[in-house]
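Thanks for coming. I will talk about aromatic pairs and nonpolar cores, in that order.

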Amino acid sequence: MAILDKFSLEGKIALVTGASYGIGFAIATAYAEAGATIVFNDIKQELVDKGIAAYEEKGIKAHGYVCDVTDEEQVNELIAKIEKEVGVIDILVNNAGISHINLLSDMTDEDWNHIIQTNLSSVFYCCRQAIPPMVSKRSGKIINISSMWGLSGASCEVAYSASKSGINGFTKALAKELAPSNVQVNAIACGVIDTSMNDQLTPEERKALEDEIPAGRYGTPKEIAQMVWNIVHAPEYMTGQIIGVDGGFL
């Protein structure tokens, strides 16, 4: 990522949700290497501990907190604790998310609510708490991790597609709301990225999906991290955009 070396995030505080591993870990690592103070959460203490250890292996001091982002009260407490112990958040990356592959007719209410709460409501909770200080200082970046399925929909992933489509609409609307306060809101519509989220696929399913991608391969977490970086350093006039990183799939 040498192309990014000319930029610095010294003095900035970045919260990346669900960043113990995968895309979130790659994003936070890129920010830390540029001098940002990294804060992340995960749902269990053991995951937070593993995340902190993984960052330490890279020479990064990360602040990890246990928080279930589907719980409004826990999110409120998380943001308050970060502001007290670390400082005011300059960059918010809403990365936490889950997938669910099944026929809609076989989904339970619990399945549906869990996906919507994790993927969409969590974005609302985190943004609502992080925005006031950004507006006060007229500076801030919000980046939401979405999916190409939020643009086109995916068979047997109706709830997931709906949640990501919701993120896209949320992003565009909030960008208009915050533009007068000089706070930018953008999203990345990720294609098929090689993370543990795809572990539920069989080798045959993985190969079939890979064959559909014009680039001929899955994307990497580092590639998404680079795009998140690029958005942070994009002109302030760029806001409300849903940027596709999908190897030409759509």
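To begin with the term I need: rings of Phe, Tyr and Trp pair if their centres lie within 6.5 Å, and for Trp the six-membered ring is used. Please keep in mind that this is a predicted model.

On that criterion, Phe-25, Phe-40 and Tyr-55 form one aromatic cluster. The whole structure has 5 aromatic pairs. One of them is Phe-25 with Tyr-55: the ring centres are 4.5 Å apart and the planes stand at 35 degrees, so this pair is tilted. Phe-25 sits in helix H1, residues 22-33, and Tyr-55 in helix H2, residues 45-57, so the pair ties together parts 30 residues apart in sequence. Phe-25 counts as buried at 14% relative accessibility, and Tyr-55 is buried at 0%.

Next, Tyr-31 and Trp-229. Their ring centres are 6.3 Å apart with planes at 50 degrees, so this pair is tilted. Tyr-31 is in helix H1 and Trp-229 in helix H8, residues 221-232, which puts the partners 198 residues apart. Both Tyr-31 and Trp-229 are buried.

Now the cores. Which residues touch the most other members of the largest nonpolar core? Out of its 33 residues, they are Leu-9, Ile-27, Tyr-31, Ile-38, Tyr-55, Val-93 and Val-228. Elements giving two or more residues to this core include H1, H2, H8 and strand E2, 37-42. H1 supplies the largest share, 8 residues.

Leaving aside residues up to four places away in sequence, Ile-38 touches Ala-14, Ala-28, Tyr-31, Ala-32, Ala-62 and His-63.

Finally, there is a second, separate core of 27 residues, with Cys-67, Cys-127, Ala-130 and Val-183 among them.

Conventions: Residues numbered from 1 in each chain as written. Predicted model: local features only at pLDDT ≥ 70, side-chain atom pairs only at ≥ 80, totals over all residues. Heavy atoms only, no water. Phe/Tyr/Trp six-rings, centres within 6.5 Å; stacked < 30°, edge-to-face > 60°. Helix = DSSP H or I, 4+ residues; strand = E, 2+ residues; numbered from the N terminus. Buried < 20%, exposed > 50% of the residue type's maximum accessible area, 1.4 Å probe, protein only. Core = buried A, V, L, I, M, F, W, Y, C linked by side-chain atoms within 4.5 Å. Contact = heavy atoms within 4.5 Å.
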